[in-house]
Amino acid sequence: MTSAGPDGVRRLAGRCLCGAVHYTVDDAFAYAANCYCADCRRATGSAFKPFAGIERERMMVTEGEDRLRIFGGEDNHDMRCGTCGSFLYSVVRDGAFVHIVMGTLTDDPTIRPNEHIFVGSKAPWYTINDDLPQYERHVFEGPPINR
């Protein structure tokens, strides 16, 4: 359920498949993308991972924190529900940001993915069918390859 925090910022709710883990996050994402790297494809079991990035302190697990399972290192890892296995978010950029897996949001965020990253690693069986910028790797590593 969408709510507003004490600072007036809209708060979004999210959860895992089984409902054991719930979280809230400010609807103030810094960026959003679809990532096609092999790690994201394997982690999601899909062609890409749609995610929205935000400072770590703007996201809070509100229920089931003891059910979370960490996959990765201390400052860069994926968080999953230990009960159902849902991939909820990644801690990135040396622990400073989280990448919320957008499919776990129960509320509609203001932001939408506005670029495709790591398309150089894209699964050959998947075709990107929109006009968003496509980057071989990270956005900061060169211009879009489809412009």
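Strands here are DSSP runs of at least two residues, numbered from the N terminus. The model is predicted.

**Exercise 1. Describe the salt bridge between Asp-26 and Arg-11.**

Step 1. Start with the total. The structure has five salt bridges.

Step 2. Take this pair. The side chains of Asp-26 and Arg-11 meet at 2.3 Å, N to O.

Step 3. Locate both ends. Asp-26 sits in strand S3 (residues 22–26) and Arg-11 in strand S2 (residues 10–15). The two are 15 residues apart, and the pair links distant parts of the chain.

Step 4. Check burial. Asp-26 and Arg-11 are both buried.

**Exercise 2. Work out how exposed the partners in two further salt bridges are, and find the network.**

Step 1. Take Asp-108 and Arg-112. Their side chains form a salt bridge at 3.0 Å, N to O. Asp-108 has 46% relative accessibility, so Asp-108 counts as partly exposed. Arg-112, at 45%, is also partly exposed.

Step 2. Take Glu-141 and Arg-137. This salt bridge spans 3.1 Å, N to O. Glu-141 is partly exposed at 42% relative accessibility. Arg-137 is partly exposed at 43%.

Step 3. Look for shared partners. Salt bridges join Arg-11, Asp-26 and Arg-58 into one network.

**Exercise 3. Name the residues that touch the most other members of the largest nonpolar core, and the elements behind it.**

Step 1. Count and name. This core has 23 residues, and Val-25, Phe-29, Met-59, Tyr-89 and Ile-100 touch the most other members.

Step 2. Find the elements. Those giving two or more residues include S3, S6 and strand S5 (49–55). Strand S9 (87–92) is another of them. S9 gives the largest share, three residues.

Step 3. Follow Val-25. Beyond four places in sequence, the residues Val-25 touches include Ile-54, Met-59, Ile-100 and Leu-105.

Step 4. Look elsewhere. A second, separate core has seven residues, among them Cys-35, Cys-37, Phe-51 and Phe-118.

Conventions
Residues numbered from 1 in each chain as written. Predicted model: local features only at pLDDT ≥ 70, side-chain atom pairs only at ≥ 80, totals over all residues. Heavy atoms only, no water. Salt bridge = Lys/Arg side-chain N within 4 Å of Asp/Glu carboxyl O. Helix = DSSP H or I, 4+ residues; strand = E, 2+ residues; numbered from the N terminus. Buried < 20%, exposed > 50% of the residue type's maximum accessible area, 1.4 Å probe, protein only. Core = buried A, V, L, I, M, F, W, Y, C linked by side-chain atoms within 4.5 Å. Contact = heavy atoms within 4.5 Å.
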